[in-house]
Amino acid sequence: MNLSKNFLPLVFSATFIFISCKGEKDDHRVTAADPSDLNSEIFRPNFHFTPEENWMNDPNGMFYYNSTYHLFFQYYPEGNVWGPMHWGHATSEDMIEWKELPVALEPDELGYIFSGSAVVDSNNTSGFGDGTTPPIVAIFTYHDPKGEEEGRIDYQSQAIAYSLDEGKTWTKYEANPVIANPDIKDFRDPKVTWDEQNKQWLLVLATIDRTLFYSSPNLKDWELISEFGQGTGAHDGVWECPDFFPIQVENSEETKWVLIQSLNPGGYNGGSGTQYFVGDFDGKNFIVDPAMENLEEKHDFWIDYGKDNYAGVTWSNIPGSDGRKLSIGWMSNWLYAQEVPTEKWRSAMTIAREITLKQKDGTFRIFSLPVRELDKYKTTIFEKDQLSAGGSNIISEETDGDLSRAEISFEIPQLTNNRYEFYMTNKEGDTLRFGYDHREKQFFIDRKQSGLTDFSDDFANKISTAPRTADDDTLSVTILLDRTSIELFYDEGETVMTEIFFPTTPYTTFSSNNKEEFSIQNIKINQLNFEIAETTPSKQ
Ligand code: FRU
């Protein structure tokens, strides 16, 4: 968050098929409308979570309980720009279709309710339980606007609240705050996890240029045990919204600890971004992998290189029998989040993603892919072993799909010194350009001509790039498209780029216009339906 915010209150033919992802809420989607009419809903995503109304930023308090995924979020219920923060609330059975519930936590005399986390206290270590129901304990930052106005620096502290009805209603702890401010100006966003090995609760929180680690037996009494972060990674902004958890290395018995650390500004392509570090944890200290000890500002360990995935963290209490690390991020960027051309609501979340860790090139890398729960919404509408892509449309018109809710996947085999460029376009000529330049080993997204861009100088002024860290001869690409967002998963999720856009009408064609002829293989297009349609795959 930047301080100024504090003071501001292939060719497809598009067909419209009803999709419902808003639970009991009305369907807002329309196929065409005047984009200058900000009250219209032409930019509302088809399948990414948005609040029905008003402003949203970071995901908060995510926990899984009783077959339900809970998502809380930074929410200002009275306006479409950032304001006094509440926790909004939504639930889902599969992290795809969300149902928005009433606001869960409201500001009080101690301040606004900033970002934080929630855990299921199964052993009632906090004593908040009633003997039958395990308490859900939320840990959040109080941001005292009065203290800030008075020019003090100790206006952020950590507090807890508990719920005995699965997150619907909360009781704030009478002895809040549980971690007082130690005279540090940016001191926020606690994320708690249970450390099974050392039988303790662990809390990480972010300060200006480092992560602080605390431990507790009961979620109320916290001891500062260590810190991490000075001298490594990106620091061109304030560190915010950390996450810290153990994860098994793929195809091995080894467990590593991952520290996810967002910062703003200072992201890889400017503004908000989320980097990560991998290492070991000895019960007190995070010992980072030697390869990540002295990372430069412009390093290549980012959860997502696009401009629009921020403050993402993982769900707590995922059962061991599932064992996945599941995350979601805020699909915007503080550079322009408050200016994007939507009126009724502002900001969406990314698709929920599964995070895995792989050992690679003497170090470790995080991979992320959409959660498999998305699969049940897919209908394959196009499949082909091979297509010639250079200089032509990739998919021809007989594919009757809707690019506002599609997943396109393919591979580019035998990479050569070439620039592989793809376009999403509409009849108006709005064009989103993205692809991979093998000469520079660099992915790119260019939204200069993507539609409405002039609401902020920072939205489309630069082409976003990402280094390719994989070195296979074949590049795999999975593209997840909603009405106003693209999520690009390259090399099975080793490099991810997420960006939003605002075309005057939805994009209807997907093409490539490469000067050189090239082939793509194993092409598959899935339509994302929320009522599973009976369509037979069309092989051309
Ligand atoms: C990150 C952030 C957090 C803070 C919250 C306030 O986007 O700035 O650090 O808790 O937003 O809404």
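I started with Pro177, which sits in the loop between strand 8 (171–172) and strand 9 (187–195). This is a predicted model, so I'm reading everything here as computed. The bond joining Asn176 and Pro177 is a cis peptide bond, with omega about 0 degrees.

Next I looked up Pro265. I found Pro265 in the loop between strand 14 (255–264) and strand 15 (273–281). The peptide bond from Asn264 to Pro265 is cis too, with omega near -10 degrees.

Then I turned to phi.

Asn251 is not a glycine, yet I read a positive phi of about 55 degrees for it. Asn251 lies in the loop between strand 13 (238–248) and strand 14. Is Asn251 buried or exposed? Its relative accessible area is 82%, and exposed means over 50%, so Asn251 is exposed.

Asn522 also has a positive phi, about 50 degrees, without being a glycine. I located Asn522 in strand 33 (residues 519–528). At 43% relative accessibility, I noted Asn522 as partly exposed.

Last stop was Ser115, in strand 5 (residues 112–120). Its relative accessible area is 4%, and buried means under 20%, so Ser115 is buried. Which side chains does the Ser115 side chain join in a polar contact? I found Asp58 at 2.7 Å and Asn60 at 2.9 Å. Leaving aside neighbours within four places in sequence, I also listed contacts of Ser115, among them Gln74, Trp87, Phe140 and Cys241.

Terms used. Residues are numbered from 1 along each chain as its sequence is written. This is a predicted model: local features need pLDDT of at least 70, side-chain atom pairs count only at pLDDT 80 or more; totals for chains, interfaces and linings use all residues. Side-chain values use heavy atoms; hydrogens and water are left out. Helices (H or I, at least four residues) and strands (E, at least two) are DSSP runs, numbered from the N terminus. Buried means under 20% relative accessible area, exposed over 50%, partly exposed in between (1.4 Å probe, protein chains only). A polar contact is a pair of N or O atoms within 3.5 Å; within protein, one must be able to donate a hydrogen and the other to accept it, and residues adjacent in sequence count only if both atoms are side-chain atoms. Contact means heavy atoms within 4.5 Å.
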